[in-house]
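Try each task before you read its solution.

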Amino acid sequence: MIPTSTHFVRFNDSLLQILRYYPEQRVRDVDGIKKWLNADIAIRREGLMYFCQTIEDAIEEIDQVAEIEAVAQEN
């Protein structure tokens, strides 16, 4: 499955792509939804369940871009 969401969040020093989210009371089978969406993590926050996929390769590149932007702002 190729994720189509462009929403990303940082969680515990990981970059996650949000695949879907649902009101917490509608979610009955977290593992089933994770399998269906090919998500590797589910996060419960403010009454919603977020089903996400960890973006492993992008973390280093995004950190490098952030460092370059920080240096550019200093100069």
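**Exercise 1.** What volume does the largest pocket have?

Solution. The volume is about 160 Å³. A pocket is found on a 1 Å grid over the protein atoms alone, as an open set of points where a 1.4 Å probe fits, with protein on both sides within 12 Å along at least five of seven lines. Grid points are joined across faces, edges and corners, and the volume is the space filled by probe spheres set on the points.

Before going on, note the ground rules. The model is predicted: local features need pLDDT of at least 70, side-chain atom pairs count only at pLDDT 80 or more, and totals for chains, interfaces and linings use all residues. Residues are numbered from 1 along each chain as its sequence is written, and side-chain values use heavy atoms, with hydrogens and water left out.

**Exercise 2.** Determine which residues line the largest pocket, and which elements supply them.

Solution. Step one: list the lining residues, which have an atom within 4 Å of a grid point. They are Val9, Arg10, Phe11, Ile18, Ile43, Arg45, Tyr50 and Cys52.
Step two: assign elements. β1 (8–11), β3 (41–45) and β4 (48–54) each give two or more residues. Strands here are DSSP runs of E, at least two residues long, numbered from the N terminus. β1 gives the most, with three residues.
Step three: sort by type. Six are nonpolar, none polar and two charged. Val, Ile, Phe, Tyr and Cys are among the nonpolar types, and Arg is one of the charged ones.

**Exercise 3.** Describe how β3 and β4 are arranged.

Solution. Step one: find the pairing. β3 and β4 pair in the antiparallel sense over five bridges; two strands pair if DSSP finds at least two bridges between them.
Step two: pick a facing pair. Ala42 stands opposite Phe51 in β4.
Step three: look at the link. β3 and β4 form a hairpin with two residues between them. Glu46 in the turn has a positive phi of about 50°.

**Exercise 4.** Is Arg44 buried or exposed, and which residues does Arg44 touch?

Solution. Step one: locate Arg44 in strand β3.
Step two: check exposure. Arg44 is exposed, because its relative accessible area is 56% and exposed means over 50% (1.4 Å probe, protein chains only).
Step three: list contacts (heavy atoms within 4.5 Å). Leaving out residues up to four places away in sequence, Arg44 touches Glu24 and Met49.
Step four: examine Glu24. The side chains of Arg44 and Glu24 make a polar contact (2.9 Å). Such a contact is a pair of N or O atoms within 3.5 Å; within protein, one must be able to donate a hydrogen and the other to accept it, and residues adjacent in sequence count only if both atoms are side-chain atoms.

Notes:
Helices (H or I, at least four residues) and strands (E, at least two) are DSSP runs, numbered from the N terminus. Buried means under 20% relative accessible area, exposed over 50%, partly exposed in between (1.4 Å probe, protein chains only).
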